[in-house]
Amino acid sequence: MNVKKFFANLFVLLLFACGVFYVGWIQFQVKPGHCAVMTSRTSGLYEKPIENGKFVWKWERLLPTNVSLELFDLNPVKFSQTCSGKLPGADLYAKKLGDNVDFSYSVNLELEVKISAENIHSLVKENKIKNQEDLNSYLENKSKVAATIITDYFLEMASKPQVMAVSASIPESDLEKILASSGELKNIDVVSCQIVSSRIPDVSLYNSCRKSYEDYVAVLSLRMEELAKTQAKSMVEQERLLNQLDKLGSILSKYPQLDKLYKEGDVSQLLNLIRTFE
């Protein structure tokens, strides 16, 4: 009888131990392709992300309502982004060539982006995201940044002797090179980029028009500078003449005997006389 009671107690103890183990077995709560960020009232934010298949047991889970698990999807997410606009000064340069010239552009891209569990944990730690909805918004904003960088790359390449493929994907190696210089994308991975449609202006023609306009402005500025110097010199001469006439008036008032010389029109003699007083 005592033996039966012993084994019964042992069985209950084992069930209790299994229950405790199961409750504290955190990653069992995480689905494949997802991660979780754990926070607890007793210990705060757990130092690592929790992923399916990686054993994690935490005693904090044994306390009711003590632990909060926020799940995040690790699978790549697709976003459609359109970058459109006009090259700087496009309307001004187009006027020189006629109404048929269009320096506007539009690139429609479909990007696939993903983020690692470690970076998700960092974003939560930095209070940049709290849940999956925040993460989706974050990834969408990053996809906009990537689309802008890729569009700028297309515009740069358009001035070179090569043809851009429409409705084609960008090779992964080229995609990494295009986006490598951007510090804004260090937390995410752009898995793929599909060019759905694109309209790229004649950048070579645009550059020629811009250079022509800049040369015109440079020549105009030089002429304006020369004109300003000429006008300044003329103003100095006029001011000097006015000063001489002012002195002439003062001299005539002081020496009435010179009035006859002034009335006879021998101005050159008067001016020579004024210079003697300068």
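Reader: How many bridges join strand S5 to strand S6, and do they run parallel or antiparallel?
Author: In this predicted model, strand S5 (residues 77-86) and strand S6 (residues 104-114) are joined by 10 bridges and run antiparallel.

Reader: Which residue in S6 does Lys-78 stand opposite?
Author: Lys-78 stands opposite Glu-112 in S6.

Reader: And how many bridges join S6 to S7?
Author: S6 and S7 are joined by 9 bridges, and these two strands run antiparallel.

Reader: What is the bridge partner of Glu-110 in S7?
Author: The partner of Glu-110 in S7 is Gln-194.

Reader: Where does Ser-197 lie?
Author: Ser-197 belongs to strand S7, which covers residues 189-199. In sequence, Ser-197 and Glu-110 are 87 residues apart, while their C-alpha atoms are 9.8 Å apart in space.

Reader: Why is Ser-197 classed as partly exposed?
Author: Ser-197 is partly exposed because its relative accessible area is 34%, and that class lies between the cut-offs of 20% and 50%.

Reader: Changing topic, how much space lies in the second largest pocket?
Author: The second largest pocket holds about 250 Å³ of space. Helix H5 (172-179) and S7 are the elements that each give two or more residues to its lining.

Reader: Which element gives the largest share of that lining?
Author: H5 does, with 4 residues. The lining of the second largest pocket includes Glu-172, Leu-175, Glu-176 and Leu-179, and also Asp-189, Val-190 and Val-191.

Reader: How do the lining residues divide into nonpolar, polar and charged?
Author: The lining of the second largest pocket has 7 nonpolar, 1 polar and 4 charged residues.

Notes: Residues are numbered from 1 along each chain as its sequence is written. This is a predicted model: local features need pLDDT of at least 70, side-chain atom pairs count only at pLDDT 80 or more; totals for chains, interfaces and linings use all residues. Side-chain values use heavy atoms; hydrogens and water are left out. Buried means under 20% relative accessible area, exposed over 50%, partly exposed in between (1.4 Å probe, protein chains only). Two strands pair if DSSP finds at least two bridges between them. On a 1 Å grid over the protein atoms alone, a cavity is a set of points where a 1.4 Å probe fits but cannot get out, and a pocket is an open set with protein on both sides within 12 Å along at least five of seven lines; lining residues have an atom within 4 Å of a point. Grid points are joined across faces, edges and corners, and a volume is the space filled by probe spheres set on the points. Ala, Val, Leu, Ile, Met, Phe, Trp, Tyr, Cys and Pro count as nonpolar, Asp, Glu, Lys and Arg as charged, and the others, Gly among them, as polar.
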